[in-house]
Amino acid sequence: MAAVSGGGGSGADGGSSGEEDAGGSARESRYRAACRACGVTPASALLQRTAGPLLSLRHRGLGPRGAKALALSLMVDTSILMLDLSDNWLQGEGAAAIAEMLKENCYISAVDLSDNKLGIEGAKAFSAMLLENTTIVSLQLSGNEFDDHAAKYLADALTANSKVEILDLSYNMFGDKAGEILGRAIAENIGLKELKISWNHFHSQGAAALAKGLGANIYLKVLDVSYNGFGNSGAAALGEALKANNVLEELNVSNNRISVEGALHIAGGLKENKSLKRLNMTRNPMQSEGCCGVLKALQANSGTGIDILDLPDIPMNKELAELCDAVKILFPNLLLRYGGNMKLQRKSQLKAELRTQPKVVGNSQNAVA
């Protein structure tokens with residue numbers, strides 16, 4: 001978005017600029033006053049920002065008191081629609097201040113509080129806020145040390161709130177108990193369209209509970225449970241969920257310790273599912289037998305919606321190669337890859353990224369028609 005000029009022009013443009021300048025001046029005054037009251041130094045990034053719907057204060061070290069000052073200044077703000085406060089060490093106290101502000105502010109629709117060590121107190125504060133707020137559509141809460149105890153509060157919000165459509169709870173500390181709690185909430189939720197819950201600690205029991213919730217949900221379109229420990233029992237529950245669910249369009253189960261047995265369970269779901277469009281199964285020890293099972297399931301389902309399938313990077317034997325060719329003939333628009341098109345993101349101070357290029361399988365020349 002273009003920056004608004006500080007000069008006074010003539011006509012409609014000049015009037016619009018004046019209104020935005022006045023709004024910015026009022027916001028700055030409120031913010032400076034709030035900083036004095038909280039005993040903190042104003043964030044220069046906010047004072048120097050140009051007009052626009054996004055307020056981004058990432059990596060600014062605001063801390064709890066800085067968050068309180070910002071929250072006070074945003075209570076009555078009507079111009080900020082997206083708020084990014086990721087990586088500011090807000091902790092539970094800062095989260096509570098932001099949450100109270102969001103109970104009053106009915107204009108902000110997208111919030112990113114990733115990597116802020118919110119913990120249980122933060123989960124409790126945001127859960128209470130979501131019981132009242134009807135504006136937020138996108139909420140990013142990854143990397144906040146949420147555990148099984150925090151899951152209870154978040155589940156309450158998931159059950160009651162029908163406005164949030166995108167929720168990111170990845171890189172947290174949820175375990176099997178959280179899987180059971182969140183699974184029940186997912187089953188009852190009527191608003192979420194995209195849920196990211198990768199890089200947690202869901203294993204067989206918790207994974208199965210999550211999958212059961214998916215089977216009952218009729219709104220969710222995108223689910224990312226990659227980098228957990230679903231194993232074969234979790235995969236079996238996912239297979240059953242895919243038989244019942246006719247809404248989900250994207251599923252990422254990469255790096256979940258799913259072996260041949262688990263892959264065949266998922267294949268059983270694919271034989272009946274009509275809605276899934278993209279499935280990522282990379283980095284699972286499925287072997288060629290598991291990959292073949294998935295491909296045979298697609299062959300058996302003429303109504304499959306799959307148009308992108310990512311399989312593990314394994315040696316291509318004769319049976320698998322022939323199946324790939326046969327499936328491509330049957331579904332010429334299918335993008336079939338082994339090794340995936342992955343961007344591996346590990347949590348570290350540098351957020352190092354490992355990128356690997358996909359190997360595309362189609363005809364004998366390994367090219368997609």
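In this predicted model, Asp176, Gly179, Glu180, Leu182, Gly183, Ile186 and Ala187 of helix H7 are in contact with Ser204, Gln205, Gly206, Ala207, Ala209, Leu210, Gly213, Leu214 and Ala216 of helix H8, where contact means heavy atoms within 4.5 Å. Helix H7 covers residues 176-188 and helix H8 residues 204-216, and their axes come within 7 Å and cross at roughly 5°. That angle makes H7 roughly parallel to H8, a description used for angles under 35 degrees, whereas those over 145 count as roughly antiparallel, 65 to 115 as roughly perpendicular and the rest as oblique. The axes are lines fitted to C-alpha atoms, for helices over the stretch in contact, and the angles run from 0 to 180 degrees between N-to-C directions. Helices (H or I, at least four residues) and strands (E, at least two) are DSSP runs, numbered from the N terminus.

Residues are numbered from 1 along each chain as its sequence is written. Because the model is predicted, local features need pLDDT of at least 70 and side-chain atom pairs count only at pLDDT 80 or more, while totals for chains, interfaces and linings use all residues, and side-chain values use heavy atoms, with hydrogens and water left out.

For the chain as a whole, there are 12 helices and 14 strands, and 50% of the 369 residues count as buried. Buried means under 20% relative accessible area, exposed means over 50%, and partly exposed lies in between (1.4 Å probe, protein chains only). The accessible surface of the chain comes to about 16600 Å², of which 51% belongs to carbon and sulfur atoms; such areas come from the Shrake-Rupley method with a 1.4 Å probe, and for residues only the protein chains shown count as cover. Among contacts in the chain with a separation of 6 or more, 82% are between residues 24 or more positions apart.

The whole structure contains 17 salt bridges, a salt bridge being a side-chain nitrogen of Lys or Arg within 4 Å of a carboxyl oxygen of Asp or Glu. Three of these pairs are set out below.

| Salt bridge | N to O distance |
|---|---|
| Arg58 and Asp84 | 3.4 Å |
| Lys117 and Glu145 | 3.0 Å |
| Arg337 and Asp310 | 2.7 Å |

The side chains of Arg58 and Asp84 meet in a salt bridge. Arg58 lies in the loop between strand E1 (54-56) and H3, and Asp84 in strand E2, so the pair ties together parts that are 26 residues apart in sequence. Arg58 is partly exposed, with a relative accessible area of 41%, whereas Asp84 counts as buried at 12% relative accessibility.

Lys117 and Glu145 likewise meet through their side chains. Since Lys117 lies in the loop between strand E3 (110-112) and helix H5 (119-130) and Glu145 in the loop between E4 and H6, this pair ties together parts that are 28 residues apart in sequence. Lys117 is partly exposed at 31% relative accessible area, and Glu145 is also partly exposed, at 38%. The backbone of Glu145 has a phi near 60°, a positive value in a residue other than glycine. Gln287, in helix H11 (residues 287-300), also has a positive phi of about 60° although it is not a glycine. Most residues other than glycine have a negative phi.

Arg337 forms a salt bridge with Asp310. The pair links strand E11 (residues 335-338), which holds Arg337, with strand E10 (residues 308-311), which holds Asp310, and the two residues are 27 residues apart. Both Arg337 and Asp310 are buried. Elsewhere, salt bridges that share partners join Arg27, Arg30 and Asp77 into one network.

Ala267, in helix H10 (residues 260-270), is buried, with a relative accessible area of 3%. Leaving aside neighbours within four places in sequence, Ala267 is in contact with Gly293, Val294 and Ala297. The C-alpha atoms of Ala267 and Gly239, 28 residues apart along the chain, are separated by 6.9 Å.
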